[in-house]
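Let us walk through a protein model together. Keep the sequence and the 3D view open as you read.

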Amino acid sequence: MRKNIVAGNWKMNNDLPQTEALITDLLKQTKTSNAEVMIAPTAVNLYQAFNATRASNIEVIAQNMHFADNGAYTGEISAAMLKSVGVNTVILGHSERRAYFNETDELLAKKVDAALKNDLRVIFCFGEELADRKAGNEEKVVESQIKNALFHLEASAFKNIVLAYEPVWAIGTGETASPEQAQDMHKYIRKTLNNKYGSQVANDMTILYGGSVKPNNAKEIFSKPDVDGGLIGGAALNAEDFYAIINAF
Ligand code: PGA
């Protein structure tokens, strides 16, 4: 089922006291929209965040995970470890993971498989770079990112996948895709899903937009028919801004 979701990706921000303080602020906010609310704190604070939000409608999600079940992967975190601290959703394929940690489509396909095998919902991120858009290749790039990491899956797997279109040139830059650019790409993504899996998978898919979503532009972006919510970076670090975005629905 297609849902409205607003997820805050905290990235490598907020130590434990800051995590507790931001959650306290978030819990004071009022939600008037029907959007599902998620926050992705750093991995070391997931358990604390899970406990602090237990009685609320905020879901605590992870920013990343390894594909292996366990073993000699120093510094890494498995799907089962995330599950054991109350996490049921993981972000995979964020452009910062791709750019700074060399995550490829092939690696991401393995991570997606591991997450689904462990009953984790996946928020799968992808998006073109500025050079791709300037060359008019944005649809081709996005389509290949989706195909390479996801099109080995059965149609039934897609009920546990949320897509997040995040043009790299709009992330953390203050530059947003226009609502029309977001809508055009989301429509194209739905068409790509429809061609491979049919209309039910395509119509039921929740597709988020990410890249400099702020309180002052969220309403216009979310008003587009194929935009089902947002993955929010910078503006998710302030409780009032984050809830202004959530309430933009
Ligand atoms: P931003 O980040 O909102 O700060 O642009 C979005 C993201 O990286 O998910």
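A residue is buried if its relative accessible area is under 20%, exposed if over 50%, and partly exposed in between, using a 1.4 Å probe and protein chains only. Thr 19 counts as buried because its relative accessibility is 1%.

This is a predicted model: local features need pLDDT of at least 70, side-chain atom pairs count only at pLDDT 80 or more, and totals for chains, interfaces and linings use all residues. Residues are numbered from 1 along each chain as its sequence is written, and side-chain values use heavy atoms, leaving out hydrogens and water.

Stay with Thr 19. It lies in helix α1, residues 16-28 (a helix is a DSSP run of H or I, at least four residues, numbered from the N terminus). Leaving aside residues up to four places away in sequence, Thr 19 touches Trp 10, Asn 14, Asn 45 and Ala 49 (contact means heavy atoms within 4.5 Å). The Thr 19 side chain also reaches the backbone oxygen of Asn 14, at 3.4 Å.

Now turn to the ligand. Around the ligand are 13 residues (near means a heavy atom within 4 Å). Lys 11, His 94, Glu 166, Gly 172 and Ser 212 come nearest. By class, the shell has 4 nonpolar, 7 polar and 2 charged residues; Gly counts as polar here.

Look next at the ligand's oxygen atoms. A polar side-chain atom of Lys 11 lies 2.7 Å from one oxygen atom. A backbone N or O atom of Gly 233 lies 2.9 Å from an oxygen atom of the ligand. For a polar backbone atom of Gly 234, the distance to a ligand oxygen is 2.8 Å. Taken alone, the ligand exposes 280 Å², and the protein buries 97% of that (Shrake-Rupley method, 1.4 Å probe).

Note on methods. Polar contact = N/O pair within 3.5 Å; in protein donor to acceptor, adjacent residues only side chain to side chain. Helix = DSSP H or I, 4+ residues; strand = E, 2+ residues; numbered from the N terminus.
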